[in-house]
Amino acid sequence: MRLTDEENAMLAGELGEPRRWAIAHQIAVGEFFDAADFVAVSQAHIMADTESLGEAGVRFLEGLAAAPEPERRVRVPAITDPRGIDFAVYRRLGQTAAMAALEMRAILALRAFRVLMTDTCINYQTVLAPLRGEHVAYGDTGAVIYANSVLGARSNFEGGPSALAAALTGRTPRYGYHLDASRRATRRFRLAAAPRELSEWGALGGIVGELCGSYWQVPVIEGLAVAPGSDALKHFGAALASFGSVALFHMPGVTAEETVFAGPPPDPIPIGRADITAFLARYAAPGDKLDVVVFAAPQLSLFEIAAVADALDGRQVHPDTTVIVATSPEIKHAADRMRLTARIEAAGAIVARGICFYQSYAREMAEANGWARLMTNSAKLVNILGGYGYRSSLASLERCVDSAVAGRVL
Amino acid sequence: MPVVLRCHPGIGPAVSGTALVAADNFSARYDLDRSRGIFSRPSHQLAGASYVDRILVLDGAKGGVATAWMLHDMAARQIVPRALIFNRVNPILAQGAAFAGVALVDRFAGDVTQLFHTGDQLRIDPAAGTVEILNRDT
């Protein structure tokens, strides 16, 4: 890679060990992807849940964080993806004191870099959305695909170490979705029927994702007569990134960039209502005893929290079923202030702050609580949890709530 | 002479080991039980198989960013694959391999899930961009 004088100084350790480690890591990744040079980023979003970090990852953070303050301080605003522990509710979820202690060590280390603990994967809805053409280093696949597609910003999937490295150097290797050539469409789909609610938007993301199946594919989705809302594209993008590892889609008339195909436009693949119905049916389990209902992945917007409160008003969750709602600290604060939290918790549900279910030791929670059957309106979540030992069902928010009250999958 | 296949220059140290091959994708979060060292996702072609110390040969990466941290933790606990061979990876696998010091190569002339067989003895040189199949002669 072509390096500037400042980048060479970082690599030589003249700006301290954290920046030396960071740029060396970035060069290794950049050269793997044939990056010619670096591009400056305006913000970094760091995924660093302790389930992923483990003891070794926390020790690594603590080691870098022990450097003198001028050497360890991030160069661009850096924010965090959801944490693994909400200290207010972790015991109710069956998480342990050891998990909480590791979490606190990670938080202290991240704070030492002057990372802003936003603890959210919906930063594009709640913190500071990037603009079209803005280069960022985002570390949640749902945040990346939303920023790239809906907003026209430019990011690759930046895992925790790479997002931290970008925060420390203020730049990232220029490859993948930082380049015009990578942003051209390669696959084409045409909708015969628009999804009707969020779980169906997730199902559509799952269908397109499975058909694309690669980070380097860029699908175009045609046929929408009406622009969907932000939450719809949030669920669509999160599922597309989860099922397909896709980081960018185009939706003519809706998303930020003009659709340009990489070659001759391929014939569109039709997707209709029967496809969405069949996708949802893969996860159907009517009559099964229901252990846990989760609204998360991505964290809920204020509008989604209000919808959960409306659906639960005047009802009680079945005593054998746990309902968990996860959102960002900012939205939780707003929900508290607007009494949405009180309405949800009056029904027996838990509103968790700054976590996401699958980043919170999902396997250990299942073992501690005897959970097996899970229900959610998040297609991303049902995709992830298979490996964690859950049997997951996907349905609308309203059907999830009705099932939670009944204690069985409806 | 062993068979030598060329690929894009990769990441990590030169290593030798035994291949575990499947025409499937990979994510440390989605697919693994990282305490037992096995593939735990029931629908994965390698479900129930141990990945520890194997050279994993798979098609591509799944969504999710967790693998970037998890390979490092798995290496520290010595329940990590010895190396990774893919058709084409996403940035997360490359970042994770670079952070953990795990050998990774991709971008071969053919489909790696056909070129290599489970049980093959392989020697990977990421810097040179080569993989030798030691148990097969040209």
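Start by selecting chain A and colouring by burial: of its 410 residues, 57% are buried, where buried takes 20 or more other C-beta atoms within 10 Å of a residue's own, exposed takes 12 or fewer, partly exposed falls in between, and C-beta atoms are placed from the backbone. Keep in mind that this is a predicted model, where local features need pLDDT of at least 70, side-chain atom pairs count only at pLDDT 80 or more, and totals for chains, interfaces and linings use all residues. For your selections, residues are numbered from 1 along each chain as its sequence is written, while chains are lettered from A and ligands numbered from 1 in the order in which they are written.

Stay on chain A and zoom out. Its C-alpha trace spans about 65 × 55 × 35 Å along the principal axes. Switch to cartoon and you get 17 helices and 12 strands, which are DSSP runs numbered from the N terminus: H or I with at least four residues for helices, E with at least two for strands.

Now colour chain A by domain: domain 1 is 5-180, domain 2 is 184-280 and domain 3 is 284-406, with bounds from an automatic or database domain assignment. The C-alpha centres of domains 2 and 3 of chain A are 25 Å apart. Where they meet, 15 residues of domain 2 are in contact with 16 residues of domain 3 (contact puts C-beta atoms, placed from the backbone, within 7 Å). On the domain 2 side, select α9 (198-212) and α10 (230-244) of chain A, each supplying at least two residues; α10(A) gives the most, with seven.

Next, bring in chain B. Its contact with chain A takes 32 residues from chain B and 34 residues from chain A. Pick α1 (28-31), α2 (67-76) and α3 (91-100) of chain B, which each supply at least two residues of the chain B side. Of these, α3(B) gives the most to that side, seven residues.

Last stop: the largest nonpolar core, with 182 residues, where A:V325 and B:I85 touch the most other members. Such a core is a set of buried Ala, Val, Leu, Ile, Met, Phe, Trp, Tyr and Cys residues joined through C-beta atoms within 7 Å.

Terms used:
Two residues are in contact if their C-beta atoms, placed from the backbone, lie within 7 Å.
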